Amino acid sequence: MPFDAYNLTQFALSGASILHQSQVDSKRRHRELVNANRQASINNRLNFNAHSNLNEQQMLEMKKFGLDNFELKKKIRRERASDIAIASSFGGSFGQEGASRDAVSRNIQRQGLNALARKDLNYKTKLRDFEIRHKNVDLTTLGQNNAAFSNISSGPSAVATGLQLASSGLSIYDASKKG
């Protein structure tokens with residue numbers, strides 16, 4: 001049986017179906033890309049807001065540290081001045097003197113410096129915490145953006161479409177020869 005109008009029509013419809021599916025796949029991929037870009041844009045804005053919030057928190061912590069640092073130094077000066085005033089009130093021409101007097105002064109200084117060192121350690125720990133939180137915000141955004149783009153279909157392939165058309169034509173031709 002020759003390759004007649006029926007077979008030609010069958011091939012044309014098969015080709016139209018293949019081309020239509022290719023267009024559908026292309027439109028779906030375009031929609032997926034638009035949606036993924038929209039989601040990535042939202043994720044990036046949320047990332048920016050999170051970093052801005054963390055920066056404000058960090059500035060408040062730095063101000064707090066500066067005030068606490070100033071207050072601790074002021075307290076050290078106040079304690080030393082109080083100790084000097086007490087020592088000098090014990091009478092005599094020079095007031096209290098000697099090794100025990102020096103030990104008290106050194107003890108006040110040591111306790112104050114220990115408090116400053118603890119404050120500095122807490123501040124460094126807080127800064128490290130902010131660094132980690134900033135990195136976590138970035139990693140979260142990266143993961144969300146990756147998820148948004150990972151489910152996008154590959155879309156149509158010109159080679160695959162051409163091969164499907166050729167395969168359809170050969171199948172119809174083969175069926176017409178046998179039939």
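Predicted model: local features only at pLDDT ≥ 70, side-chain atom pairs only at ≥ 80, totals over all residues.
Me: How many aromatic pairs does the structure hold?
Reply: Side-chain values use heavy atoms, without hydrogens and water. Rings of Phe, Tyr and Trp (its six-membered ring) pair if their centres lie within 6.5 Å. The count of aromatic pairs is one.

Me: What kind of aromatic pair do Phe65 and Tyr123 form?
Reply: Planes under 30 degrees apart count as stacked, over 60 as edge-to-face, the rest as tilted. Phe65 and Tyr123 sit 4.3 Å centre to centre, with 20° between the planes. The pair is stacked.

Me: How many residues apart in sequence are the parts this pair ties together?
Reply: Helices are DSSP runs (H or I, at least four residues), numbered from the N terminus. Phe65 lies in H1 (residues 5–88) and Tyr123 in H2 (residues 99–150), so the parts are apart in sequence by 58 residues.

Me: Is Phe65 buried or exposed?
Reply: Buried means under 20% relative accessible area, exposed over 50%, partly exposed in between (1.4 Å probe, protein chains only). Tyr123 is buried. Phe65 is likewise buried.

Me: Which element has the lowest mean pLDDT?
Reply: The protein chain averages 83, and 89% of the residues score at least 70. H2 has the highest mean among the elements, 88. The lowest, 80, belongs to helix H3 (residues 158–178).

Key
Residues numbered from 1 in each chain as written. Helix = DSSP H or I, 4+ residues; strand = E, 2+ residues; numbered from the N terminus. pLDDT = per-residue confidence, 0-100.
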